[in-house]
Amino acid sequence: MRVLVTGASGFVGGHLVPALLEAGHEVVALVRDADSYDAPEGVEVAEADLLDRESVDGLFEGVEAAYYLVHSMQIGGDFAERDRLAARNFVEATRGSDLRRVVYLGGLGETGDVLSEHLESRREVETILSEKAEFELTTLRAAIIVGDGSASFRMIRELVAKLPVMITPRWVHNECQPIAIADVVAYLVGVLDAPETAGETYEIGGPEVLTYAEMMRRTGRVMGTEPRIVSVPVLTPNLSAYWMDLVTDVPKSIAHPLVAGLKNPVVADDERIRDLMSVELTPFDEAVERALADGAPADAHA
């Protein structure tokens with residue numbers, strides 16, 4: 001199958017492209033700057049910007065399936081409008097093409113008014129892709145993805161490395177269902193061979209539900225420096241974000257929306273996808289070990 005991957009140079013895309021090749025697909029990697037993208041052997045590279053409607057004309061000729069992995073991790077400004085524009089341009093460019101399947105990786109969390117702005121934007125993109133297109137959309141929703149290059153895992157790792165004692169907000173007791181990047185990629189690749197997943201939405205998570213505090217403690221154990229965590233009620237999400245600026249090297253444009261999303265419990269309550277495909281889920285500690293073994297994270301996109 002000829003498959004196009006948007007966001008191919010990002011964290012998830014960088015793992016997905018070689019996995020699709022290994023699965024026997026013909027892969028087209030969509031990037032904004034082809035010169036800075038080190039494409040795996042056998043991958044066709046397409047240069048375009050989803051914010052520029054004309055640049056994506058003709059992009060989907062001969063493409064049977066595509067992955068939508070684009071999302072702005074920024075603060076302030078019009079990030080939601082950029083996400084909206086990119087999704088609309090994507091949909092418009094697919095009209096009249098051979099594209100029949102799209103797989104979208106969105107965010108896991110509760111619905112309703114309590115969504116963070118960035119999770120709300122991801123849901124809006126999901127709506128645009130599902131309601132205004134000629135293709136069938138499969139949506140996978142994930143919480144924290146554990147892997148080298150993940151911004152959320154990088155934040156946890158740096159906090160553990162730099163703070164033997166943490167004074168934290170109450171949200172550290174919120175529950176989360178982290179998932180290893182290898183498992184996310186297995187689901188992303190697997191849905192292409194499961195036609196019954198077309199038009200469906202699935203929540204994916206790892207084998208354990210943990211609080212953020214438990215994730216930090218267990219990451220610390222793997223690193224050999226388990227932190228002591230004390231939660232207090234006075235640290236709001238805004239104050240927590242500024243605290244992250246002081247303690248970690250994660251760019252403010254990434255750290256602030258991540259912290260804002262921590263107020264939402266992010267636990268998968270959907271086991272349907274487990275009945276459709278067999279993915280041997282990676283235990284959290286093993287996922288952390290793999291992420292640390294892969295080296296220091298590069299600039300992250302997810």
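Predicted model: local features only at pLDDT ≥ 70, side-chain atom pairs only at ≥ 80, totals over all residues.
**Core.** I began with the largest nonpolar core, which has 37 residues. Val5, Leu16, Leu20, Tyr67, Leu140, Ile145 and Tyr187 touch the most other members. I then looked up which elements supply at least two residues each; among them are strand E1 (2-6), helix H1 (11-22) and helix H5 (181-190). H5 gives the most, with six residues.

**Val267.** Next I went to the loop between helix H8 (252-260) and helix H9 (272-276), where Val267 is found. Val267 is partly exposed, at 30% relative accessible area. Leaving out residues up to four places away in sequence, I found Val267 touching Leu108, Glu175, Cys176, Gln177, Glu203 and Val209. I also noted Ala143, 124 residues from Val267 in sequence but 7.6 Å away, C-alpha to C-alpha.

- Arg2 pairs with Glu26, with the closest N and O atoms 2.5 Å apart. Arg2 lies in strand E1 and Glu26 in strand E2, so the bridge ties together parts 24 residues apart in sequence. Arg2 is buried at 15%, whereas Glu26 is partly exposed at 45%.
- Arg84 pairs with Glu81 at 2.4 Å between the closest N and O atoms. The two sit three residues apart in helix H2 (residues 79-94), about one helical turn.
- Glu126 pairs with Arg141 at 2.7 Å between the closest N and O atoms. Glu126 is buried at 9%, and Arg141 is buried at 13%.

Notes. Residues numbered from 1 in each chain as written. Heavy atoms only, no water. Core = buried A, V, L, I, M, F, W, Y, C linked by side-chain atoms within 4.5 Å. Buried < 20%, exposed > 50% of the residue type's maximum accessible area, 1.4 Å probe, protein only. Helix = DSSP H or I, 4+ residues; strand = E, 2+ residues; numbered from the N terminus. Contact = heavy atoms within 4.5 Å. Salt bridge = Lys/Arg side-chain N within 4 Å of Asp/Glu carboxyl O.
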